[in-house]
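Thank you all for coming. I would like to walk through one model this morning, going from the backbone to the ligand and then to a pocket.

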Amino acid sequence: MSEKFYYITTPIYYVNDKPHIGHAYTTLASDVLARFMRLDGYQVKFLTGTDEHGQKVEQAAKTAGMAPQDFVDKVSQNFRALGDILKFSNNDFIRTTEERHKKSATALWNKLVEKGDIYLGKYAGWYAVRDETFYLETDLKDGKAPTGADVEWVEEPSYFFRLSKWQDKLLAFYEEHPDFIAPTSRRNEVISFVKSGLRDLSVSRTSFKWGIPVPNDPDHIMYVWIEALSNYITAVGYPDELSDTFQKFWPCDLHMVGKDIVKFHAVYWPAFLMAAGLQPPKRIFAHGWWTNEGQKISKSLGNVIDPINLVETYGLDPVRYFLLREVPFGSDGDFSKTAIIQRLNSNLANDLGNLIQRTASMAYKNCEGMIPHFQEFTQEDLDLLYEASNALKSLRSLLQEQLFHKALDVLWTIIGNANRYIDHQAPWSLKKTDTQRMGTVLYVVLEVTRHLGLYLQAFMPDSATKILDLLGVPEDQRTFAYGGCDFSLKAGTQLQEPTPIFPRYVEN
Ligand code: MSP
């Protein structure tokens, strides 16, 4: 089989803050894709990390009374810890204060200089530290940035990137690659932004020190975005473009980002890359933002959602499931206690939990604790088995478009059909009249459950492992390559004694 590679990244997170639901959401969505692609036979590189330079971090360190390096060493750990708790499967974690990154960002800078795309000029404008962005006088609303951030007048010598030169090339690139930015609303937004005209971009600062110095001009520090974005190539070995890793994984398959940072990823980043003679990534997906019980999430309102707290309250897999099922991926969504409890109790405990619990318990009690023997399948049996095994095709195409909610819908349609099938076949009555048919019915549902267990490994890894363990599926037969009927459950395999995998949530 030929080798297949898949490279997926999350944004690197600012370390001036504790991880919140936004960080967890972006990385979770990426984690599901990384897991799915691994199960589907790809060699996956899944990168996340922390963005540790810039004025914002310098200020946060000062407020904390710490040296910047000590501060970032400490806070970066919170993001690793979040990954451990949410079981993120990233196989690289980059910190922009690492040597490999300094080397790569510096090399990218030098390349842009060499190509004539960076020049020294003078900058004067309104700068918002919070957004790490410059604004035009005409952008300001009531003396503040359009985002509400405070701005200050900054005048300093600065290096510029010739972004204006790339306007037409970017538009041509978007045209030739209709899937480059998703969802469509974001794509349209980006295209109209670029069409409205691109000005050269200031890419260095002299007003602070905490960053990577500009080569040969150490009074200047590289602007945080040019530096931060280059993390995506650092992690695959840049500047060694001929390295095995770079060859396998660049261009990146997907940069997962929030809607607030789509411009940096879909405009600046491909321009930097094209200017450096490198290929742009294949796709940028910008997801929406969560509100909390209908309110915008903000520190000042004190309604920031701590993902670790959510996991402690509801359990890891219910949280993973809820975040990706509740809201169409790409749209904004609202977090509410009622909604998560409803999802947990109805979709997980009732629909999926009961399906497994009632069939596995019946088989355990009535078929000597084993996967039952089956007889010839009826059309109804075959329809359900086919629906379950065939779902992989839909899941692949939906996840290729990052439509997590639709992928979960596909699985829950199967679960609904399987529950209706049992109700209709009534194995509890067959127990008295036709035990062989009872065995066949239970077998069909358990085999459907095996497929569900295989797919759900991407979304709810712990629960899916419990499902597959319960059914006695060998650990080395849990990738999608084993979905076919050659690897169906073997009658006579020992079942584990079933215990509920998705208990109901009872508020106390
Ligand atoms: N450091 C930059 C990214 C550089 S990438 C080269 C950055 N960091 S961040 O820590 O602010 O990133 C936050 C991520 O969380 C973004 O993807 C953002 O969209 C996401 N969210 C922040 N608040 C959010 C919600 N309320 N809801 C969902 N996601 C949100 O930007």
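Let me begin with a question: in the loop between which strands does asparagine 216 lie? Asparagine 216 lies in the loop between strand S10 (213-214) and strand S11 (217-222), where helices (H or I, at least four residues) and strands (E, at least two) are DSSP runs numbered from the N terminus. Before I go further, please keep in mind that this is a predicted model, in which local features need pLDDT of at least 70 and side-chain atom pairs count only at pLDDT 80 or more, while totals for chains, interfaces and linings use all residues. Residues are numbered from 1 along each chain as its sequence is written, and side-chain values use heavy atoms, with hydrogens and water left out.

Asparagine 216 has a positive phi of about 65°, although it is not a glycine. Is this residue, asparagine 216, buried or exposed? Asparagine 216 counts as exposed because its relative accessibility is 81%, given that buried means under 20% relative accessible area, exposed over 50% and partly exposed in between, with a 1.4 Å probe and protein chains only. In strand S10 we find proline 213, which counts as partly exposed because its relative accessibility is 41%. The C-alpha atoms of proline 213 and glutamate 497 are separated by 62 Å, and the two residues are 284 residues apart along the chain.

One runs from alanine 182 to proline 183, with omega near -10°, and proline 183 lies in the loop between strand S7 (181-182) and helix H6 (184-195). The other runs from tryptophan 250 to proline 251, with omega near 5°, and proline 251 is found in the loop between helix H9 (244-249) and strand S12 (254-258).

Now to the ligand. Of the 22 residues around the ligand, Ile12, Asp51, Gly258, Asp260 and Trp290 come nearest; a residue counts as near if one of its heavy atoms lies within 4 Å. A backbone N or O atom of tyrosine 14 lies 3.1 Å from an oxygen atom of the ligand, and a polar backbone atom of glycine 258 is 3.1 Å from an oxygen atom of the ligand. For tryptophan 289 the atom in question is an N or O atom of the side chain, 3.2 Å from a ligand oxygen atom. By class, the shell divides into eleven nonpolar, nine polar and two charged residues, where Ala, Val, Leu, Ile, Met, Phe, Trp, Tyr, Cys and Pro count as nonpolar, Asp, Glu, Lys and Arg as charged, and the others, Gly among them, as polar.

Finally, the second largest pocket. About 500 Å³ of space lies in it, a pocket being an open set of points on a 1 Å grid over the protein atoms alone, where a 1.4 Å probe fits, with protein on both sides within 12 Å along at least five of seven lines, and lining residues having an atom within 4 Å of a point. The volume is the space filled by probe spheres set on the points, which are joined across faces, edges and corners. The second largest pocket is lined by 21 residues, of which Arg283, Leu399, Gln400, Glu401 and Gln402 lie nearest its centre. S1, H1 and helix H14 (379-400) each supply at least two residues of this lining, which divides into twelve nonpolar, two polar and seven charged residues.

Glutamine 402 sits in the loop between H14 and helix H15 (404-425), and its phi is near 60°, a positive value in a residue other than glycine. Glutamine 402 is buried, because its relative accessible area is 2%.

Notes. A polar contact is a pair of N or O atoms within 3.5 Å; within protein, one must be able to donate a hydrogen and the other to accept it, and residues adjacent in sequence count only if both atoms are side-chain atoms.
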